[in-house]
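Q: I would like to learn how to read a ligand shell and the salt bridges in a model. Where do we begin?

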Amino acid sequence: MTTDTVLLEARHVTQRFRLPNGQILEALHDLSLTVREQEVVALVGPSGCGKSTLLRLFAGLARPGEGTVLYRGQRLDGVLGAGAMVFQSFALLPWLTVAQNVAMGLEARGVHGPAQRDAVARAINLVGLDGFEQAYPKELSGGMKQRVGFARALAVAPEILLMDEPFGALDPLTAENLRSQVVDLWRDPATGVNTLVVVTHSVEEAVFLAGRIVVFGSNPGHVREELKNSLPYPRRERSPEFEAMVDRLHAILTATLLPEPEAAPAPQRLVPFPRVHVAEVAGLLDHLATRPDGRGPVFELAEDLGVDYDRMTAVVRGAEQLGWVATPGEMVQLTPAGRDVLAGDDAARKVATRVRLKQHPLFARVIAMLKEETEEIEEGAGKAELADEELLADLTIYFPFIPAESLFATIIEWGRYAELLDHDAAAGRLRLLAQ
Ligand code: ADP
């Protein structure tokens, strides 16, 4: 279905940002990428690898520091007239009605009067929001708000829809539903939209939507690999072919977290924390202290404590990652730090755990995400909070073979115990307690 016409092209684009502390951050380095007419291209990769930055460059919302962005072979000058953006955060104005929000893009393009009314009605109809024209955003569910976001983009009859995690803020069922509708919109010639570029955290979403999946690497952002996806539309998420493609993409994404051959020393690699309880690790330390020299073979410890070998191994790995035991050979040995923890009272144990968790790459990553969120809050005065979904999405990408929910539960249990994190299950938000 793809034609050979190149619609968008980034040619040797490098983009740098000056950070508040004066440092220069290279978000994209010498990146070249084309998007052809009729394509659906998904941009995936770890957080912060420049996917949104590239999308904004394609939309003409920013200009590249070096290199060129072209539309149909012409250097893009100003905002991309042929494109419209859909954002994760809906970006609706609360004091405007649905119809007025949808009309915003048209206003900006000088479309008024009956032409505007017709375009708004058509766009609202396309996303199935008829009857809600006069409603205000606060009266709508998340899914409906995002429909308004889509309608606003569709109202200007764009050729290209640029979407930045458009389903990221929605519950999974709503996301799935809207995702299918976006494919329908793209396949329906009547909508005028023939090309999609979507930034996503979700491997399944990329495989569901895209004909070509571009995997980014980070530090600085660049294209690491491209995966062609020729599964026929409409795609069925649970078919073996679909699952096979998901597995392939997972494997590529996992590989992107390993150092590239030519790359400089990579940042500390993320390791998952074993899914063990605080009480289990404490039990192991207590037990080791009762043994001669504070040591013993894993199988003996398993027997002593009445747990199976695999479970014991996981608990030992947890204690080891926290620096409280060492494992020379088959032996498990209490370390001096482990003895210190045992000597402390409950409060001291919590502090010691907090110190260790902050040094653990996985928890350090969660803390960094939380702090990043705070910086994004205006005036920087808000609390450091993160939606569960964001962390779950991150975990899914980093550890595709571990169920994200269970790793998430472990992070919360340990974070809470150490008084480092708090979790509001009702609101679905994670909060940073200690700095
Ligand atoms: P992704 O979409 O892959 O998560 P982004 O494109 O949002 O990544 O960001 C890439 C990097 O550039 C990140 O480190 C981000 O913090 C930084 N960045 C993006 N926009 C700006 C900006 N306007 N000022 C400073 N840094 C920015």
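A: With the terms. Helices (H or I, at least four residues) and strands (E, at least two) are DSSP runs, numbered from the N terminus. The model is a predicted one: local features need pLDDT of at least 70 and side-chain atom pairs count only at pLDDT 80 or more, while totals for chains, interfaces and linings use all residues. Residues are numbered from 1 along each chain as its sequence is written, and side-chain values use heavy atoms, with hydrogens and water left out.

Q: Which element gives the largest share of the shell around the ligand?

A: Helix 1, with three residues. A residue is near a molecule if one of its heavy atoms lies within 4 Å of it. Here the ligand is surrounded by F17, L19, L25, A27, P46, S47, G48, C49, G50, K51, S52 and T53.

Q: How many residues of each class does the shell have?

A: Ala, Val, Leu, Ile, Met, Phe, Trp, Tyr, Cys and Pro count as nonpolar, Asp, Glu, Lys and Arg as charged, and the others, Gly among them, as polar. The shell has six nonpolar, five polar and one charged residues.

Q: Which polar side-chain atom lies 2.9 Å from an oxygen atom of the ligand?

A: A polar contact is a pair of N or O atoms within 3.5 Å; within protein, one must be able to donate a hydrogen and the other to accept it, and residues adjacent in sequence count only if both atoms are side-chain atoms. The atom asked about belongs to K51.

Q: How many salt bridges does the structure hold?

A: A salt bridge is a side-chain nitrogen of Lys or Arg within 4 Å of a carboxyl oxygen of Asp or Glu. The structure holds 19. One of them joins D286 and R349, with the closest N and O atoms 3.5 Å apart. That pair links distant parts of the chain, D286 in helix 8 and R349 in helix 12, 63 residues apart.

Q: Is R349 buried or exposed?

A: Buried means under 20% relative accessible area, exposed over 50%, partly exposed in between (1.4 Å probe, protein chains only). R349 is buried because its relative accessible area is 18%, whereas D286, at 39%, is partly exposed.

Q: What about R235?

A: R235 is buried yet has no salt bridge; the nearest side chain of opposite charge, E237, is 10 Å away. A polar atom of the R235 side chain lies 2.8 Å from the backbone oxygen of V207.

How values were computed: Lys and Arg count as positive and Asp and Glu as negative; His and the chain ends are not counted.
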